Amino acid sequence: MLYTAAVAWCAYQLPDSLLFVVPGAVLGGGVLHVWRGRPWLGLLVFAIMVVAVPVLLWPSMLTGTYADLRDGF
């Protein structure tokens with residue numbers, strides 16, 4: 001239920017984040033947690049895919065923010 005709720009909330013609030021949340025929920029929640037019976041590993045994989053991987057993209061997000069601030073929105 002945790003993974004389904006995370007996907008539903010992100011679909012409602014942050015639809016662009018589904019690129020990271022859905023594979024994390026399927027791999028971490030569906031495959032590792034439910035199917036293989038490894039809940040902590042599933043939760044860890046989900047957290048890495050949803051939190052750690054997007055952090056690698058911060059420089060590109062900051063570039064757009066800087067351009068918006070410089071141009072006055």
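Analyst: A residue counts as buried when its relative accessible area is under 20%. The model is predicted, and Tyr-3 has a relative accessible area of 9%, so Tyr-3 is buried.

Tyr-3 lies in helix H1, which spans residues 2-13. Helix H1 packs against helix H3 (residues 39-55) at an angle of about 15°, with the axes 12 Å apart. Angles under 35 degrees count as roughly parallel, and H1 and H3 are therefore roughly parallel to each other. Their crossing is left-handed. On the H1 side the contact is made by Leu-2, Tyr-3 and Ala-6, and on the H3 side by Pro-39, Gly-42, Leu-43 and Phe-46. By class, these are six nonpolar residues, one polar and no charged.

Within this contact there is also a ring pair to describe. The whole structure contains one aromatic pair, formed by Tyr-3 and Phe-46. The arrangement is edge-to-face, with 5.1 Å from centre to centre and 80° between the planes. Because Tyr-3 belongs to H1 and Phe-46 to H3, the pair ties together parts that are 43 residues apart in sequence. Phe-46 has 11% relative accessibility, so Phe-46 also counts as buried.

Tyr-3 takes part in the contact of H1 with H2 as well. The axes of H1 and helix H2 (residues 18-35) come within 9 Å and cross at roughly 170°, so these two helices are roughly antiparallel. H1 contributes Tyr-3, Ala-6, Val-7, Cys-10 and Ala-11; residues from H2 include Leu-18, Val-21, Ala-25 and His-33. This contact divides into nine nonpolar, three polar and no charged residues.

Methods: Residues are numbered from 1 along each chain as its sequence is written. This is a predicted model: local features need pLDDT of at least 70, side-chain atom pairs count only at pLDDT 80 or more; totals for chains, interfaces and linings use all residues. Side-chain values use heavy atoms; hydrogens and water are left out. Axes are lines fitted to C-alpha atoms, for helices over the stretch in contact, and angles run from 0 to 180 degrees between N-to-C directions. Helices (H or I, at least four residues) and strands (E, at least two) are DSSP runs, numbered from the N terminus. Angles under 35 degrees count as roughly parallel, over 145 as roughly antiparallel, 65 to 115 as roughly perpendicular and the rest as oblique. A crossing is left-handed if the near helix is turned anticlockwise from the far one by less than a right angle, and right-handed if clockwise. Contact means heavy atoms within 4.5 Å. Ala, Val, Leu, Ile, Met, Phe, Trp, Tyr, Cys and Pro count as nonpolar, Asp, Glu, Lys and Arg as charged, and the others, Gly among them, as polar. Rings of Phe, Tyr and Trp (its six-membered ring) pair if their centres lie within 6.5 Å; planes under 30 degrees apart count as stacked, over 60 as edge-to-face and the rest as tilted. Buried means under 20% relative accessible area, exposed over 50%, partly exposed in between (1.4 Å probe, protein chains only).
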